[in-house]
Amino acid sequence: MSLVRLNIKGISYSQTQNGAYALILNEVDGERKLPIVIGAFEAQSIAIALEKEIKPPRPLTHDLFKNFADRFDVIVKQVIIHKLVDGVFYSSIICERDKIEEIIDARTSDAIALALRFNAPIFTYKTILDKAGIYLKVNPKEEEEQPDDESIIVDEIFTETSETKGQSKYDFSKLSLQELYTQLDGAVANEDYEKAAKIRDEISRRDQK
């Protein structure tokens with residue numbers, strides 16, 4: 001079976017399912033997206049790995065695993081999403097130590113959080129992408145205006161988008177830059193990395209104006 005490489009396109013928060021997030025993986029040499037529902041903790045861990053400028057005050061669980069692996073010369077070579085059963089994705093982490101390769105079973109969200117920290121590629125089988133991959137419909141005008149950034153938030157995989165539910169979970173439009181930086185420090189201190197990433201996005205948008 002042929003492998004297809006994937007990149008992380010973004011993380012979407014569901015306004016209709018409390019605490020539900022979707023990790024959006026993008027086919028590298030194609031247009032299909034692979035949405036995977038993940039938990040809040042894993043979403044925060046992936047988000048903090050994507051947001052290079054935000055550093056947690058203490059190591060997260062996946063950071064601890066990375067530090068542990070580095071200490072004992074364990075390398076994560078790649079992650080493979082190898083099975084899909086009843087809507088649940090199964091993954092393997094391909095590791096190496098002293099030129100000996102090991103395959104470790106893992107939840108897909110954990111495997112991807114580690115892949116980010118090790119700069120390891122993410123793959124799935126073509127059969128899985130054929131079965132679960134989707135094409136997200138994007139307005140061409142909006143696509144031109146949307147920055148090509150891995151932190152793009154995509155909501156189309158949920159039956160109701162955030163627009164149908166009213167305002168977004170976070171609205172920082174009325175805050176000054178000083179207030180944004182204060183809230184950013186507070187969010188990082190409280191380990192609320194989802195909020196910190198949103199604040200960082202708002203600051204970046206204002207800096208570009």
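Which side chains does a polar contact of 3.3 Å join? The answer is in point 4.

1. Basis. This is a predicted model, in which local features need pLDDT of at least 70 and side-chain atom pairs count only at pLDDT 80 or more, while totals for chains, interfaces and linings use all residues. Residues are numbered from 1 along each chain as its sequence is written, and side-chain values use heavy atoms, with hydrogens and water left out.

2. Overall layout. The chain has seven helices and seven strands; helices (H or I, at least four residues) and strands (E, at least two) are DSSP runs, numbered from the N terminus. Their order from the N terminus is β-β-β-α-α-β-β-β-α-β-α-α-α-α. Of the 209 residues, 44% are buried, where buried means under 20% relative accessible area, exposed over 50% and partly exposed in between (1.4 Å probe, protein chains only).

3. Helix H2. In H2 (residues 61-71), the residues His62, Asp63, Lys66 and Ala69 are buried. They lie on the same side of H2, because they cover an arc of only 125° around the axis; the arc is that of the directions from the helix axis to the C-beta atoms. An α-helix has 3.6 residues a turn, so residues three or four places apart point the same way. The face turned away from the buried side of H2 carries exposed Thr61, Leu64, Phe68 and Arg71. Helix H1 (40-50) and helix H3 (108-118) are included in what covers the buried residues of H2. Asp73, which follows H2, has a positive phi near 55°.

4. Ser92. This residue sits in strand E5 (residues 88-97) and is buried, at 12% relative accessibility. The side chains of Ser92 and His82 are joined by a polar contact of 3.3 Å; such a contact is a pair of N or O atoms within 3.5 Å, and within protein one must be able to donate a hydrogen and the other to accept it, with residues adjacent in sequence counting only if both atoms are side-chain atoms. Leaving out residues up to four places away in sequence, Ser92 touches Gln78, Val79, Ile80, His82, Ile103 and Ile104, contact meaning heavy atoms within 4.5 Å.

5. Tyr90. Strand E5 also holds Tyr90, which is partly exposed, with a relative accessible area of 33%.

6. Pro35. Strand E3 (residues 33-38) contains Pro35, a buried residue with a relative accessible area of 19%. Pro35 and Ala132 are 97 residues apart in sequence, yet 7.9 Å apart in space, C-alpha to C-alpha.
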